[in-house]
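Colleague: Before we look together, could you take me through this model, one question at a time?

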Amino acid sequence: MRRLAVRGAALLGLLLAAPLAAQGAQIVITVDDLPFVGAGLPVAEQARLTDSLLAAFRKYKVPAIGFVNERRLEDTSGTVDPARVAMLQRWIRAGHELGNHTWSHPDLHSTPLADFEADFLKGERVTRGLLAKAGKSPRFFRHPFLHTGQSLAVHDSLLAFLALHRYRVAPVTMDNHDYIYAEAFHRARLAGDTALARRLQGAYLDYMESVVLYYEKQAQAIVGRTFPQVLLTHASALNALTFPQLFQRLERLGYRFVPLDRALEDPVYDLPDRYVGTGGITWLHRWGMVLGLPASTYAGEPEVPAWVQQAAAR
Ligand SMILES: [Zn+2]
């Protein structure tokens, strides 16, 4: 049934393609957990998949931003691996921006703020050096799990700390569960089940299209207009091999790919975020909460079908 619901949403997407295009919809592609998510994949394979990600960006003229967890640069002995650093260098050489996603991906909701901030600083050591060689410096921070603090004291202290280090928060307005599809896809590939892998790719494309349409409707319901949206994705094999089709669908919906700094010039991003709940929710929903909109406003978020969740947990 859920599968049918997602298909229905995708169909609706085709019908809605014209209005979105007419409004010149804009979208930012953000990619978390660099250099790569793929436990069990040889580094050479991760590097090849990184090249596939970058080729998709090139083909569809996507000015992407990647958020790095520098712990992922280390090999099993805890040494920074030059082959993994080279993957980040490819991103920079291709003209994309890199931001800080902390060193070890700690959860702010279960980590003392001082430890979290230390992990943040540890998380920029390699990236800052790489960017400096290109005459750049890191400018954006993405909260792991989109957890921004369960009190205004922590929330605001972290913002002040980030400002001190000349970072700006990279908000997300289109959240989704791409990582569940990615895990299922990863397992299907490791098991050599190409039929399942292909089925997951198709389901993922339909799901992501329904996510994008849901958040466009949320934009209308919460701020009353379209604005440049920020899509969250991860550096996974699934995205490396499916981004070309996803970008094609986004283009068909009328989207233009824009860089994060340009999107954040829209005044909608000046709206306050005062959310101190337990969830990792989108900034669009944070704004809705500041406005005091009823919970029913957020209904209808696309769900991941049970068979995909099962394939991810197998
Ligand atoms: Zn992450």
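Colleague: Which residues have the most contacts inside the largest nonpolar core, and which helix gives the most to this core?
Modeller: In this predicted model, the largest nonpolar core has 95 residues, and those with the most contacts inside it are Ile29, Phe57, Trp91, Phe243, Phe247, Leu250 and Leu260. The element that gives the most to this core, with 15 residues, is helix 8 (residues 194-222).

Colleague: Which residues does Leu250 touch, leaving aside those up to four places away in sequence?
Modeller: Leu250 is among the residues with the most contacts inside the largest nonpolar core, as is Ile29. Not counting residues up to four places away in sequence, Leu250 touches Ile27, Ile29, Val212, Tyr255 and Phe257.

Colleague: Are helix 7 and helix 9 roughly parallel or roughly perpendicular to each other?
Modeller: Helix 7 (residues 178-190) and helix 9 (residues 237-252) pack with their axes 8 Å apart, at an angle of about 100°. The contact is made by Asp178, Tyr181, Ala182, Phe185 and Arg189 of helix 7 together with Ala237, Leu238, Asn239 and Leu241 of helix 9, and by class it has six nonpolar, one polar and two charged residues. Because angles of 65 to 115 degrees count as such, the two helices are roughly perpendicular.

Colleague: Which protein donors does the zinc ion have, and what spacing do they follow along the chain?
Modeller: The protein donors are Asp33 (OD), His101 (NE2) and His105 (NE2), lying 2.1 to 2.2 Å from the zinc ion. Since buried means under 20% relative accessible area, His101 at 1% counts as buried, and so does His105 at 19%. Along the chain, the donors of the zinc ion follow the spacing D-x67-H-x3-H.

Conventions. Residues numbered from 1 in each chain as written. Predicted model: local features only at pLDDT ≥ 70, side-chain atom pairs only at ≥ 80, totals over all residues. Heavy atoms only, no water. Donors = N, O, S within 2.8 Å, 3.2 Å for Na, K, Ca; no water. Buried < 20%, exposed > 50% of the residue type's maximum accessible area, 1.4 Å probe, protein only. Core = buried A, V, L, I, M, F, W, Y, C linked by side-chain atoms within 4.5 Å. Helix = DSSP H or I, 4+ residues; strand = E, 2+ residues; numbered from the N terminus. Contact = heavy atoms within 4.5 Å. Axes fitted to C-alpha atoms, helices over the stretch in contact; angles between N-to-C directions. Parallel < 35°, antiparallel > 145°, perpendicular 65-115°, else oblique. Nonpolar A, V, L, I, M, F, W, Y, C, P; charged D, E, K, R; others polar.
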